[in-house]
Amino acid sequence: IDSLLTLDSDLGSQLALRVGYNSNVLSAGRTLGIENFGLAPGISYYHKTGLYADVSGFWSKDFDPSYYLTVASLGYMRDFNRHISVMAGYDRYFYQLPDDGYIPYANTLSITPTLEIKPILLSVNYSFYFGDQHANRIMPGLSLTLEKKKFKQIDRIAVTPSVFLLMGDEILTELEFVAPVSLREAAENYKKYGTRFKVVQVNKRVFGVMNYAISIPLSVMHKKWGLSFTYTYNIPKALPGEPNTLSESTYLSGSLMYIIDLKRK
């Protein structure tokens, strides 16, 4: 999607080939403890009507199997005027899991309205994750684009410092101890739980801030080639009632992209 957004809408239909790199792998802005790099090859197709399709793969030597995920995406982008645009999409996740692996979310529906008053870009992304369970994610963001066109022999170079706030919900499992109403129940509870209280598992859906992120991407476009590097600093936050075991993290990412112009001559 990031590669699609770098395209000039006046150029017509495009095909973008890319390979991405991450120095750390994260979920919802939270580190999974994988310090080694991951690779993400992908191909994106953008039609001049605003329709797009994307297939991305993800590889890391710290996963078993190393190639652990394929994401297929379909969506639509629409510019209402030179300031307001909307992007909506559907993502499907195909995981390569060990026998005991479990992923509660296999699909995502998302919509992202944006307001651009150059050089400032405001966006709000809403994503609905669903599968065996469901979850909501809301991510407002603020970006500042500092660019220079025709810099020496480079067509365009840009730095886009950005800040993001991630909010969402999650199901947390808690154990509650219920007092017995009779001596008989207390004796039965002691046999079963080792205490006179009945132990009840309760699932609670909680909502709150999950992560703050500061991102500094550097992108270079020259002819059909695009190169980008991004530094990201994450400040994860525990949801209400969630154990506060999360730590701040940083990672570097980059991508190399080649664009094929599909418009008719």
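Modeller: Let us begin with T70, which touches V55, S56, G57, R92, Y93 and F94 when residues up to four places away in sequence are not counted, a contact being heavy atoms within 4.5 Å. This is a predicted model, in which local features need pLDDT of at least 70, side-chain atom pairs count only at pLDDT 80 or more, and totals for chains, interfaces and linings use all residues. Residues are numbered from 1 along each chain as its sequence is written, and side-chain values use heavy atoms, with hydrogens and water left out.

Colleague: Why is T70 called buried?

Modeller: Buried means under 20% relative accessible area, exposed over 50%, and partly exposed in between, with a 1.4 Å probe and protein chains only. T70 has 19% relative accessibility, and therefore counts as buried.

Colleague: What makes the link between the side chains of T70 and Y67 a polar contact?

Modeller: The term asks for a pair of N or O atoms within 3.5 Å, where within protein one must be able to donate a hydrogen and the other to accept it, and residues adjacent in sequence count only if both atoms are side-chain atoms. The side chains of T70 and Y67 are joined at 2.7 Å, as a polar contact.

Colleague: Which residues make up the largest nonpolar core?

Modeller: That core consists of 5 residues, L166, L172, V206, M210 and L239; the term means buried Ala, Val, Leu, Ile, Met, Phe, Trp, Tyr and Cys residues joined through side-chain atoms within 4.5 Å. V206 is in contact with L172 and L239, among others, leaving aside neighbours within four places in sequence.
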